[in-house]
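Morning, everyone. Let me put the model up, and then we'll walk through its contacts.

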Amino acid sequence: MTHEYQMPGEASGPGAVAVGSNHGIISTGDAATIDNRTLHLPAEALRAPAEVPAPPGLNNLPAPRSAVFVGRDEDLARLGAAMDGGGTATVVHGLGGMGKSTLALHYAHRHRDRYNPVWWVPAETPDGITLALASLAAHLDPYASLTASASAEGAAWAIAWLQSHEGWLLVLDNAETPDDLAPVIGPLTTGQHLITSRRATGWHHLARPLGLRTLDPDASTDLLMRIIGEAGGSDDDLALEELAAELGNLPLALTQAAAYIQHTAITPASYLARLRRHPARMFAASATDNHERTVARVWQLTLQAIAARDPLAVDILRTFAWLGPDDVPRELAEALDGDPIAVDEALALLHAYSMITLTPRTFTVHRLVQAVARTPDPADPHRAEETIEEARRRAIGLLGAALPEDPLFNVAGRPRWRALLPHIEALADHVPPARDDEGTEVIWILTSAFLQNEVQLDRAVDFAERSMAASQRLYGPDTRRTLASRSVLASAYRAAGDLERAITLHERNRDDCERVFGAAHEETLMARANLAYAHGLAGDVHLATELHSRNLADCERLLGPDDKLTLVSRNNLASAYRAAGDLDRAIPLHEQSTADYTRVFGPDHPETLTARSNLAYTYQLAGDHARAIPLHEAVLSARERALGPTHPHTTLARELLTNARADAAR
């Protein structure tokens with residue numbers, strides 16, 4: 001049918017509109033006036049939305065950004081189950097770069113035959129949603145678009161159509177807030193909505209949530225290889241695995257890295273080296289013209305949205321970028337601000353944007369989010385060098401303040417130490433030794449002492465060496481801090497079996513303590529006790545006995561009978577007599593030591609258990625198995641209860657009991 005246009009004039013008749021100087025579109029029922037011209041529409045243009053069928057196979061799905069899609073079969077199955085599980089809406093949420101849109105796009109493409117129409121809606125803003133729905137209206141019925149005066153009317157027509165038809169799928173991609181979607185989703189119950197969003201919370205009244213996780217390590221290396229091409233050998237394979245781990249198995253980061261490697265024809269190992277040396281540039285590097293699709297840019301936009309609502313949330317993210325990614329105690333964040341409710345709200349906002357995963361007691365940060373957050377970048381206002389340096393100092397202060405006192409004797413604090421140890425290790429990795437300060441030096445020396453108690457001796461030596469280097473640089477050679485660091489380092493060498501280096505350091509420390517503090521000072525007495533113990537381990541039992549005997553007398557006189565150092569000196573002297581074969585003097589001293597430790601520290605304290613173990617072993621050497629075996633059994637039971645069955649101290653107690661029973665059976 002031809003369309004008849006006529007010049008405007010005086011309007012008359014049913015449904016007429018007096019035009020005057022009209023511009024735009026005015027619907028009159030059987031004709032429309034467009035820019036002062038009247039368009040007579042055919043009869044089929046007057047149908048209500050419910051009467052308009054969808055053309056077969058109608059969709060506007062974009063092509064996938066990449067033909068490589070690996071490691072998501074299980075997630076596609078989870079998404080399919082969610083979409084089939086009742087209700088009309090499912091939201092796939094997760095960190096920016098996790099692959100939410102890619103997953104939704106592949107699902108939509110796979111199920112084009114199941115739904116009609118399938119319509120992709122960019123949902124970052126309400127205006128974007130309106131425009132996409134108006135476009136749907138135009139594709140369903142061009143006259144609906146033609147007779148609408150604004151995209152809002154076209155969107156309203158599309159919603160009316162969706163309300164009256166079944167079997168359609170709307171994919172609302174990258175929705176900013178649930179509130180933006182409520183006007184669209186609320187009235188529509190006849191089809192399906194698939195939503196993607198960085199927002200992890202607030203969907204309970206609108207959609208079924210489905211959290212998207214990172215790829216597993218094998219899928220990550222597979223993704224890298226498919227884009228780069230087959231790896232050249234075992235070295236490249238190992239580099240790919242290491243690169244995937246460094247990037248936290250995040251799909252966008254993996255794709256970005258692989259495209260760069262392919263584009264520049266470098267090896268995975270070379271990319272990894274560049275990433276570690278120039279992180280800011282590599283996080284922003286793109287092998288295509290689309291610089292919006294880099295991890296740095298995606299998260300910069302997220303941080304802008306977060307900072308606009310709560311600057312404290314961004315401070316928390318920057319601060320905890322310096323600690324371990326997993327199981328960060330919430331109380332550390334609470335110490336960052338005097339208002340616990342403000343901290344709760346800041347953590348909730350970070351969780352809502354999928355920048356952290358929040359539990360009642362801890363939170364987790366993706367390791368690549370941490371890497372970006374602690375990397376200065378002058379192009380990013382949230383990552384100025386002075387801002388990141390301030391966050392580093394905050395992290396050190398929070399961690400140092402959270403450490404329990406006295407890692408050697410404070411039994412109640414040991415679970416806390418074990419919870420914080422991964423964060424201490426991460427801080428040590430992230431802060432170069434040349435930038436150690438007073439805060440890190442204290443953390444390193446205390447950690448070495450704790451690790452010696454835990455029999456993690458290689459790491460104990462590492463932390464003690466780092467503490468020693470920092471204290472020498474910060475305080476000089478003759479200060480109490482430096483002498484304490486040297487003592488802990490010597491003890492770490494001794495515990496690790498390097499007695500030659502241990503004795504050399506212990507002798508130097510004794511001499512320096514006597515020179516700096518005097519012969520009667522507590523630091524000097526401790527230095528002498530450590531030296532005597534090292535000589536005993538080295539087999540010089542007579543020198544060890546002489547030194548321990550003198551030191552015990554000085555400790556009793558200067559510190560009193562119940563001081564920790566006095567108790568240690570008595571136990572060490574008893575052990576020296578035992579090593580020398582003088583059991584007649586060793587047994588009474590071990591009995592007194594056990595009684596004193598029990599009285600001062602309690603029966604289940606680790607030092608008390610050590611004293612009881614020493615006494616049991618001395619009874620065993622004397623052939624008194626009737627007293628040795630029950631003591632060994634009691635020590636083993638207490639250590640299993642306190643430390644678990646596999647702890648080195650528990651294993652030692654078990655071996656001592658086994659040997660005692662074997663001796664008794666001979």
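Which residue forms a salt bridge with Asp-478? Arg-515 does, with the closest N and O atoms 3.0 Å apart. Keep in mind that this is a predicted model.

Now place that pair. Asp-478 is partly exposed, at 34% relative accessibility. Arg-515 counts as exposed, at 52%. The cut-off for exposed is over 50%.

The structure holds 47 salt bridges. Arg-550 pairs with Glu-546, the closest N and O atoms being 3.3 Å apart. Both are in helix H24 (residues 541-558), four residues apart, which puts about one helical turn between them. The general rule: an α-helix has 3.6 residues a turn, so residues three or four places apart point the same way. Arg-550 is partly exposed, with a relative accessible area of 49%. Glu-546 is partly exposed too, at 42%.

Next, Arg-627 and Asp-624. Their side chains meet in a salt bridge at 2.7 Å, N to O. Arg-627 is partly exposed at 42%, and Asp-624 is partly exposed at 23%. Elsewhere, salt bridges with shared partners join Arg-72, Glu-74, Asp-75, Arg-78 and Arg-213 into one network.

On to the nonpolar side. Which residues touch the most other members of the largest nonpolar core? Trp-299 and Met-355, out of 99 residues in that core. Leaving aside neighbours within four places in sequence, Trp-299 contacts Leu-95, Gly-96, Leu-250, Met-355, Leu-368, Val-369 and Val-372. Apart from that core lies another, of 31 residues, including Leu-58 and Val-91.

Buried or exposed: what about His-382? Buried, with a relative accessible area of 13%. His-382 is in the loop between helix H16 (367-373) and helix H17 (385-402). Not counting residues up to four places away, His-382 touches Gln-300, Leu-303, Gln-304, Ala-307, Val-314 and Arg-318.

H28 (residues 625-643) has 19 residues. From first C-alpha to last, H28 reaches 26 Å, close to the 27 Å expected at 1.5 Å a residue. Its buried residues include Ile-629, Leu-631, His-632 and Val-635. What do the buried residues of H28 pack against? Helix H27 (606-621) and helix H29 (648-665). Just after H28, Gly-644 takes a positive phi of about 95°.

Last topic: rings. How many aromatic pairs does a search of the whole structure find? Five. Tyr-260 and Tyr-271 form an edge-to-face pair, 5.6 Å centre to centre, with 65° between the planes. That pair links distant parts of the chain, helix H9 (residues 251-264) and helix H10 (residues 268-277), with the two tyrosines eleven residues apart. Tyr-271 is buried, at 2% relative accessibility.

Contrast the geometry of Tyr-597 and Phe-601. They are stacked, 5.7 Å centre to centre and 25° between the planes. Both lie in helix H26 (residues 583-601), four residues apart, about one turn. Tyr-597 is buried at 2%, whereas Phe-601 is partly exposed at 23%.

One more ring. The charged end of Arg-199 sits over the ring of Tyr-353, 4.9 Å from its centre. That's my tour. Over to you.

How values were computed:
Residues numbered from 1 in each chain as written. Predicted model: local features only at pLDDT ≥ 70, side-chain atom pairs only at ≥ 80, totals over all residues. Heavy atoms only, no water. Salt bridge = Lys/Arg side-chain N within 4 Å of Asp/Glu carboxyl O. Buried < 20%, exposed > 50% of the residue type's maximum accessible area, 1.4 Å probe, protein only. Core = buried A, V, L, I, M, F, W, Y, C linked by side-chain atoms within 4.5 Å. Contact = heavy atoms within 4.5 Å. Expected span 1.5 Å × (residues − 1). Phe/Tyr/Trp six-rings, centres within 6.5 Å; stacked < 30°, edge-to-face > 60°. Lys NZ or Arg CZ within 6 Å of the ring centre and 35° of its normal.
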